[in-house]
Structures are given as C-alpha cells and as structure tokens.
Amino acid sequence: MKPEFKIISDLINENSHVLDVGCGDGILMEFLVKEKKVNIRGIEISKTKVQNCIAKGLTIIEGDAEADLEQFPDKSFDYVILSQTLQAFLNPEKVINELLRIGKQAIVTIPNFGYWKIRLHLLLKGTMPITRTLPDEWYNTPNIHLCTIKDFVFFSKNKNFKLSKSIALRNNLPSDIKDSNLNIKNLSSNLGIFLIER
Amino acid sequence: MNIRENIKTLIIKKPLKLDCGQNINNFPIAYETYGSLNKNKDNAILVFHALTGDQFVTGINPITKKDGWWSYAVGPNKSIDTNKYFVLCANVIGGCMGSFGPSHENPETKKIYGTDFPVITINDMVNAQINLLDFFGIKKLFAVVGGSMGGMQVLQFISNFPDKARAVIPIACTSNHSAQNIAFNELGRQAIAADHNWLDGKYNLKNTVPDKGLAVARMAAHITYLSKKGLQEKFGRKLQERDDLKFGFDADFQIESYLRYQGSVFVDRFDANSYLYITRAMDYFDLVKQNNGNLSNAFKNTKAKFFVISFTSDWLYPTQENKEIVIALNAIGANVGFVEIKSDKGHDSFLLDVPDFLKALKNFLDKSYLDK
C-alpha cells in the first residue's frame, strides 16, 4: 500500500461517495471501504487491473480518464481521487477541471519533481532522474507532464482553485505545506497531496 | 418434429397485452432450470437467450443432442455456477422451442399461425417471462443476465421490473438496434421470403420448409457474429478437401464449406417464421425511444447493481453501443461496472471459451452474491 493512502483516507468523511480515477488494482478503494465505509467507484484503463478489481468485488469502469470522465454529472461525487496519475495525462489541466466538475472536492497527489534527490540526480549525473516513485526511463515513461509541488501550488493559484489542504510527504512523514515553507517542502518532499475545490 | 416430450411448459393464463395491441392468454412458455432454488429463494438467475438460442442453456440439449448454447459459462463450478445458483431460462415467445410462436396452432382457425402470428417485441418477451417468477415463488432474482438479444431482454426486464433483480448483466448488446443491424436482419428475412417454399409464411400447411432461404439467412448472420481477424486465422484461403481451385461454384474454400454447414444444421433446429418474428423484435427494440430520448430514465427506479460487458472484436454490437448503457447509468449515479474483453472471436465471444470474460462474469456474480 502506498504511504499516501492513509493520508488520503484521513481527508475523507465516512460514508461519502468517492471516485478513484486511475484506481489500478483497487488497493486504495479497498482501504477506503474498510476505513471509511465509502461508496466508491473506480475508473481504470488497464484491462488486467480492471479484472483484478472485479475479482475484489469493486465497482470498476474500464475507461480512459481523459475521455470518459465526461459521462459523470456535475458534483456527482463527494471526492474524486487522482493518485500519482496527473503527470501521465496529455492534458492535465483539462483533467483537473473535470475532477472539480464531477467532484465537490478533488484529492490529487503528485510525485514531486522538485525533490532534492531528483535535482541532485540531474545536476550530478546529467541524465533524466530515476527514483522509486518515478522508476521509468525517459523513453518509456508514461509520465509526460511532471511538475514540482511549487508548480502545482502556483498552478492552483493561477486557476483560482482553493487548496483546502496541502500536505508534503517526506520519508512517509506528512507535514503541512504553507506559503512560508513552500521552498523547503518543495526541496525536501518526494510527494505532494492536495485537497482541492473550486 | 415432435419436440414436446422433453420440454417443460408453463401455461400463462393471465392475459398479456402485446405492444402490437393484441391480447394473448392461455399461452405456453417453455423453460428449463439448472441447479436448485435455495430456501430463501434468493439464488435465482434468469438467463435470457439470444436470437437463435433456446431454454437449454447448458448440458446436452435434448432436442438437438448438442451442448447447450452457453455450456462454457453455465454449469457446476462455471461462471454461472449451478452448484450455487438456480438458473432459469425460457424460450422467448415467437420462438420455436415450445413457447408460444408462429408454428403453434391458432385455436380459432385450427390452423398453424404462420405470419398470422402477432408481431412481438422484446418488451412482450420479458412481460411473458416474468410469470416464471410467480410460478417458482421468487420475489426477487439474484441476477438477470444475457448476451446479444438476451442483453436487450436484460435491459428491458430491469426497466419494467426495477425491483425484481439485484444484479443486472447485459452483455454484447445495445439499447437500440442500429441501422446496420436492422439491415442484416432484413437481409435474412428477405432470403427466407425469396425461398419459393416460404409461401408467405404458410409453408406448414403444405408440409414444406423454406430451408434454402433460412440457410442463407443463417450464413449471412453467422459472418456478422465473427471477426475478420478470427475468420482469417481460422480459414484464411485454405481449400476444402482439394489441392487446387476447381473453376466452378462448389465450395472450394473452407470458409464456404463452413458457412454451408452452419446453414444446413440450422434449418434442422429452427423455424423460418420464428426467425422473421424474432429478428423483427430485435429491430423494433429501442429503449431510448421508449424513454422519450433519455435512456437513463429506463433505469431511474432501480437500485440494482449493473455490470456491462463488451468485446473488442464485436462489430455487431460494438463497445461504443455498450458504453452508451454505461453512460446512461452513470448519468443517474447508478452502481455500474464496465469491462471490455479483448477477444478476436467477434460478437460470438460471449458464447465461446474466452477466459477473461468467463473470469469477469464469475467474479462479478460471486462477489455480488455476498453483498446483500
């Protein structure tokens, strides 16, 4: 289980209606059902992972988040979760807008490209960084729109999204991101977790 | 063909008003069951058959002596596990395996109906079959499931009877028949009508059968059930029991021989007029129009859990048409899952040994059975 799942769970109210976009094998979905008794749906593009979710008894829709979120009505979920997937979309801005349309709130987690180890890798080795959260080579990575925690905060401000909660994760330890500590969190954390609304 | 002996039949006394306006009563519904109904009567699955199917879902069909049409999916320990569930399937009205259809005698004229039989719809089919629930004392089915025309009946069933099933599984189907599908059905009907033995549907009176026309209808339809890739891999340009082309019109190619065979075995088990009536029912099916242009309205009164399944190589009821059902359900926040199964076997995939499909179906059913 990814360390951020516990933090995501803490952001969610019991018995709420949740959509997990890019839900993978449904590990977060199962966790949220157990922890928060949520009514949860998943959307996933990989046929193998869809099968795994069905085998777990999860309600899953095979589909591509960039094309298939359109079908959900406005504010049809309390929360829409996007866990470490934003960077893989052709048009992340459009996806975020869709998340905020269909969800009352969205929870977005991003691998932080501003993390010091990544910066150091590029600085010293001069090749595209490979880390635990970003394990692929540049030529086969699905991650085409990587950003830093700072980028995401600026993006949200620019677009007038309200960041109700901004959490940085460093060695699996969470801490709040504030304007005053943004530079240091952007350097020291490998993951950002944001609760957003419009 | 005396087929009555092996057929269980329920006579429906209650009048049924058909969509065409006519009323029918005292009509037979032929059915078969597999597995056993539990004490709470909550383990029943109603299976709906497709165009040329019948009530003999699995095991050996007592009439054709061949495997039931869904033997891959239904049986002990299979996807629809008859050790666990009570499986119920009825021959559709308009059909020719014992249910009220055009090969039956009109009690008023004492003659076989033929094309005097009323035109029936998918709606009429499910309204006839709901009587089986009363007969078995089933208040609520665990699931309704079916592929192709069976899937259309699934959708119509839950629309008509929103609280009569917990799980709803339409497979490789559509909410309204496309122009292409109406066209293929019309081709089949015209092939039958062009057979000089059809006699405007009165062939029973003259003891003849329009078998050539029906065989051509089946051959044409059979092509639509497969995929180009599947056909190419199975047959390619392989020759039939010969080393070279014969410069004639015999079946030189294996695919020709295969289609001729499919046509010839079909006429032994199927009635030409039933083929007309059932294809017509499919063409008339339009759940969108029934709901004034909004498919979601068909499902707004049900709390059932849906699972929609399509196949990548199905060009008769393509994924997009199945997805429209999913979209309509999501629009009203219904509990719906969807999976597109990768298969080269075309529309027929749901009838064949396609492990990913059989696995998904089993997992969905077994997990859904637990959440009461």
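**Reading the features**

Reply: Let us begin with exposure: Phe247(B) is exposed, with a relative accessible area of 80%. Here buried means under 20% relative accessible area, exposed over 50%, and partly exposed in between, with a 1.4 Å probe and protein chains only. The model is predicted, so to speak of local features requires a pLDDT of at least 70, and side-chain atom pairs count only at pLDDT 80 or more, whereas totals for chains, interfaces and linings use all residues. Residues are numbered from 1 along each chain as its sequence is written, chains are lettered from A and ligands numbered from 1 in the order in which they are written, and side-chain values use heavy atoms, leaving out hydrogens and water.

Me: How should I read a nonpolar core, and which residues have the most contacts inside the largest one?

Reply: A nonpolar core is a set of buried Ala, Val, Leu, Ile, Met, Phe, Trp, Tyr and Cys residues joined through side-chain atoms within 4.5 Å. The largest has 109 residues, and those with the most contacts inside it are Leu69(A), Ile93(B), Phe157(B) and Phe299(B). Helix H8 (residues 272-284) of chain B gives the largest share of this core, 7 residues. Domain 1 (4-177 + 286-370) and domain 2 (181-279) of chain B both contribute residues, so the core lies between them. The domain bounds come from an automatic or database domain assignment. There is also a second, separate core of 64 residues, which includes Ile7(B), Val47(B), Ile169(B) and Phe311(B).

Me: With which residues is Ile93(B) in contact, leaving aside its neighbours within four places in sequence?

Reply: Contact means heavy atoms within 4.5 Å. On that basis, with those neighbours left aside, the partners of Ile93(B) include Leu16(B), Phe27(B), Ser99(B), Ile120(B) and Met125(B). Ser99(B) is in the loop between strand S8 (86-90) and strand S9 (105-106) of chain B. Ser99(B) counts as buried, at 0% relative accessibility. Beyond four places in sequence, its contacts include Pro28(B), Asn91(B), Ile93(B) and His104(B).

Me: Which residues form a nonpolar patch on the surface?

Reply: Patches are made of residues with over 30% relative accessible area and no salt bridge; like charges are joined within 9 Å, and nonpolar side chains (Val, Leu, Ile, Met, Phe, Trp, Tyr) within 5 Å. In this structure Trp116(A), Leu120(A), Leu123(A), Leu124(A), Ile184(A) and Leu187(A) form such a patch, with about 620 Å² of accessible area together. Accessible areas come from the Shrake-Rupley method with a 1.4 Å probe, and for residues only the protein chains shown count as cover. Helix H6 (116-125) and helix H8 (182-188) of chain A each supply at least two of the patch residues, and H6(A) gives the largest share, 4 residues. Leu123(A) lies in helix H6 of chain A and is exposed, with a relative accessible area of 66%.

Me: Which salt bridge links distant parts of the chain?

Reply: The side chains of Arg101(A) and Asp74(A) meet in a salt bridge (2.8 Å, N to O). The two are 27 residues apart, with Arg101(A) in helix H5 (residues 92-102) and Asp74(A) in the loop between H4 and strand S4 (77-83) of chain A. Arg101(A) counts as partly exposed at 22% relative accessibility, whereas Asp74(A) is exposed, with a relative accessible area of 53%.

Definitions and conventions: Salt bridge = Lys/Arg side-chain N within 4 Å of Asp/Glu carboxyl O.
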